[in-house]
Amino acid sequence: MVEAVQDAGVVVTGAGGGIGAALARRFAAAGARVVVNDLDAEKAKAVAAEIGGTAVPGDASAIVADARDALGGTVDVYCANAGVAFEDAGAGEPLDERSWALSWDVNVMAHVRAAHALLPAWLERGSGRFVSTVSAAGLLTMIGAPSYAVTKHGALAFAEWLSLTYRHRGIRVHAICPQGVRTDMLAATGSAGDLVLQPTAIEPDDVAEALFRGIEEDRFLILPHPEVAEYYQARAADPGRWLAGMNHLQRKWEANR
């Protein structure tokens, strides 16, 4: 059991299924008091009932105040897990601006708004933990999912900024960056996900366990797929070679569509 979350007040957004539900279950099993958030109220209530938590459905950008009230006035851990993804309409064809705007709002700005609401109390007391579900796409990139790859880069950048700015004031930040995870979102990634993500896909519970190991070790970057570290290093060492390799993957995807 991780002492850092024993009896902690925890909020998990997008927790009606997938990674979010797995995180909610894992925190509850560790003795935390958990608020389960999801746009789908029935899914949020079902997970909350299962784990003995509290459902606070609604837009993840605007639930901090209600979640705080549900937890008796204090949020100790906030998991910014809610996210959206869209498959590219076709090889090289950009998505419409509404999809880009929604991706930006959910995948980045919801994190920013939550942090804005949480930081005053956290800084006053000198503690708080912000967990961002980013995806390996935020470290690397992803074919066929332009708005997802770009906004997940933004989510990672914001998590990095939070960590470097507030770590000395007691704020801990973790960025979870898995590749494929067997969720409804993976199923919706279409042929690009089948090619890149499905072969090494893991279960949502594996992601939750990776986070808990990262909390115990006080690590910022949580990599449920350890090989992502090697890919990230290769990308940084030779971006041109990395992009050429990704373009080869893109051409392979196009040829098999």
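Colleague: Which residue of S3 stands opposite Val 36?

Modeller: In this predicted model, Val 36 stands opposite Ala 55 of S3.

Colleague: What makes S2 and S3 a pair?

Modeller: Strand S2, residues 33–36, and S3 are joined over two bridges in the parallel sense, and since at least two bridges are what pairing requires, the two strands count as paired.

Colleague: Why are S3 and S7 said to stand at the edges of the sheet?

Modeller: The sheet is open, with seven strands in the order S3-S2-S1-S4-S5-S6-S7 and parallel pairing. Strand S3 (54–55) and strand S7 (221–222) each have a single partner strand, so one side of each is left without a neighbour in the sheet.

Colleague: Why is H1 called oblique to H8?

Modeller: Helix H1 (residues 18–29) and helix H8 (residues 204–216) pack at an angle of about 50 degrees, with their axes 8 Å apart. Angles under 35 degrees count as roughly parallel and those from 65 to 115 as roughly perpendicular, so H1 is oblique to H8. The crossing in which H1 passes H8 is right-handed.

Colleague: What residues meet where H1 and H8 are in contact, and of which classes are they?

Modeller: Among those of H1 are Ile 19, Leu 23 and Phe 27, while those of H8 include Val 207, Leu 211 and Phe 212. By class, the contact of H1 with H8 has ten nonpolar, one polar and three charged residues.

Colleague: Across which strands does H8 lie?

Modeller: Helix H8 lies across S5 (128–133), S6 (171–176) and S7, and runs at about 145 degrees to S6.

Methods: Residues numbered from 1 in each chain as written. Predicted model: local features only at pLDDT ≥ 70, side-chain atom pairs only at ≥ 80, totals over all residues. Heavy atoms only, no water. Axes fitted to C-alpha atoms, helices over the stretch in contact; angles between N-to-C directions. Helix = DSSP H or I, 4+ residues; strand = E, 2+ residues; numbered from the N terminus. Parallel < 35°, antiparallel > 145°, perpendicular 65-115°, else oblique. Left-handed = near helix turned anticlockwise from the far one by under 90°. Contact = heavy atoms within 4.5 Å. Nonpolar A, V, L, I, M, F, W, Y, C, P; charged D, E, K, R; others polar.
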